[in-house]
Amino acid sequence: PRPPFKAALRTRHALRLSSQHVRMWWASAVLAIKSMPLHANLIGWHPGLSSEKFTWPTCVAERPHGAGLVVSEAWSHQLRLFDVCGRESGTIGAAGRAPGQFIFPSSVAVERPSGCMYVVDSGNHRLQKLDRDGAPLDVVGSAGMGDGQLMSPKAITCAAERVIVSDAGAHRLSVFDRELR
């Protein structure tokens, strides 16, 4: 069996991540994402909501000010936005190498209180910063092991004034400030 993934959220949330199931309890509402080869189901937070199909969801993050969730999807090369009722409210990005485009986005973190999103763009070996609406603000990284380079980055978190990336291919953690320097 594959090892479980690890994650941490703020105090009013409990999160369990494994290679097979992601479950988030949020107040009285439940969002469950069951990972399966090439697709998964979003089970609504309230009874009666229909399922949404995913293509390999890799990360889920809470957006600030009760705006809902953002989910990174590796195989569709995009981010999907959901409101607090579990309804899809939009997508960000498409397959490509330009700013705002992704190749296998593996993780997303949301900065508070601005709502800026940091996306680990694994296939492009880079980190992208997007504004709260998904417009590209900055891009850092290229394939390599040197300073400012990334090699198959996989995960990200915002901690204090830092952005920390798990740079799997380089066997290290890469640390940036909020301006990606």
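Is A74 buried or exposed? With a relative accessibility of 8%, A74 counts as buried, where buried means under 20% relative accessible area, exposed means over 50%, and partly exposed lies in between (1.4 Å probe, protein chains only).

## Getting oriented

Welcome to this structure, which is a predicted model: local features need pLDDT of at least 70, side-chain atom pairs count only at pLDDT 80 or more, and totals for chains, interfaces and linings use all residues. Residues are numbered from 1 along each chain as its sequence is written, and side-chain values use heavy atoms, with hydrogens and water left out.

The protein chain contains zero helices and 16 strands. Both kinds of element are DSSP runs numbered from the N terminus (helices are H or I with at least four residues, strands are E with at least two). Of the 181 residues in the protein chain, 43% are buried.

## How confident is the model?

The pLDDT is the predictor's confidence in each residue, on a scale from 0 to 100. Its mean over the protein chain is 77, and 71% of the residues reach 70 or more. Over residues 1-51, however, the pLDDT is below 50, although this stretch has 111 contacts in the model beyond near neighbours in sequence; a contact means heavy atoms within 4.5 Å. Where pLDDT is low, the predicted coordinates should not be read in detail.

## A closer look at A74

Leaving aside residues up to four places away in sequence, A74 touches T55, W56, T58, F104 and P105. The C-alpha atoms of A74 and S122 are separated by 8.9 Å, and these two residues are 48 residues apart along the chain.

## Two nonpolar cores

In soluble globular proteins, nonpolar side chains tend to be buried together. A nonpolar core is a set of buried Ala, Val, Leu, Ile, Met, Phe, Trp, Tyr and Cys residues joined through side-chain atoms within 4.5 Å. The largest one here has twelve residues: C59, A61, V70, L79, L81, I92, F102, V108, V110, M117, V119 and L130. At least two residues of this core come from each of β6 (57-63), β8 (78-82), β10 (105-110) and β11 (117-121).

L79 touches, among others, V70, I92, F102, V108, M117, V119 and L130, not counting residues up to four places away in sequence. Apart from this core lies another, of eleven residues, including V140, L150, V163 and V165.

## Two open sheets

Strands of a sheet pair through backbone hydrogen bonds, either parallel or antiparallel. Two strands pair if DSSP finds at least two bridges between them.

β14 and β15 (residues 162-167) pair over six bridges in the antiparallel sense, and P153 stands opposite D167 in β15.
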